[in-house]
Amino acid sequence: MAMPAAVVSAIVLTNPGKGIRIADLISTYDILCEEITLRGGILATLEKETPAVISRTVKYFSKNFVRASRKNGFIEVVSQPREYLELSFYRNQIIHRFVTESIVAVALAAECPGEVETCSRATILKHVAFLSQLFKFEFIYEDDSLESNFDKVVSYLETRELVVQESDGVLRL
């Protein structure tokens, strides 16, 4: 279950030292919530309207981590190490929804840079195996086999029209 604090902290932490406009935070919040639900996640919130969720969450964060400027609708993160770690705790509550997909995306980017539009499924799977092993103590993966998880991600990427898996085992971007 994704808490609003987790979603907001993930967004705020992607703008270190720069801050973010409240209007941008609201639109990015909606996009990230949609991505979480597309992956089977559930959002925990009492409010129905995004601005109310954002307002309540920013008010909660204002006690420790976030400075809000009401004049220009802008917030910024306090960049003290302790506060950053606490915000990271919230962000890490949702990151697992994107790990397997991210590992496949990194493998695709490594094997198919720039103008190259096709990649061998076997080669991508080899990169995914390496990265999964590298991060095995950082993330918890689904109980299925590596190949089964890989196939799920590729199917998901196909439904999003990001890749096409051809019959000969080639992935086309």
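At 15% relative accessibility, Tyr90 counts as buried; the term means under 20% relative accessible area, with exposed over 50% and partly exposed in between (1.4 Å probe, protein chains only). The model is predicted: local features need pLDDT of at least 70, side-chain atom pairs count only at pLDDT 80 or more, and totals for chains, interfaces and linings use all residues. Residues are numbered from 1 along each chain as its sequence is written, and side-chain values use heavy atoms, without hydrogens and water.

Tyr90 has an aromatic partner, Phe61. Phe61 is buried as well, with a relative accessible area of 1%. The structure holds 5 aromatic pairs. Rings of Phe, Tyr and Trp (its six-membered ring) pair if their centres lie within 6.5 Å; planes under 30 degrees apart count as stacked, over 60 as edge-to-face and the rest as tilted. Phe61 and Tyr90 are edge-to-face, at 5.4 Å centre to centre and 65 degrees between the planes. Phe61 sits in helix 3 (residues 50–62) and Tyr90 in helix 4 (residues 81–95), so the pair ties together parts that are 29 residues apart in sequence. Helices here are DSSP runs (H or I, at least four residues), numbered from the N terminus. Ring pairs also build a cluster, linking Tyr60, Phe61, Phe89 and Tyr90.

Now turn to the largest pocket. Its volume is about 380 Å³. A pocket is an open set of points on a 1 Å grid over the protein atoms alone, where a 1.4 Å probe fits, with protein on both sides within 12 Å along at least five of seven lines; lining residues have an atom within 4 Å of a point. Grid points are joined across faces, edges and corners, and the volume is the space filled by probe spheres set on the points.

The lining has 15 residues, of which Arg39, His96, Arg97, Thr100 and Glu142 lie nearest the centre. By class, 7 are nonpolar, 3 polar and 5 charged. Helix 5 (99–111) and helix 7 (146–159) each supply at least two lining residues. Helix 7 gives the most, with 4 residues.

Helix 7 also holds Asn149. Asn149 is buried, at 9% relative accessibility. Leaving out residues up to four places away in sequence, Asn149 touches Thr100, Glu142 and Asp144 (heavy atoms within 4.5 Å).

Terms used. Nonpolar A, V, L, I, M, F, W, Y, C, P; charged D, E, K, R; others polar.
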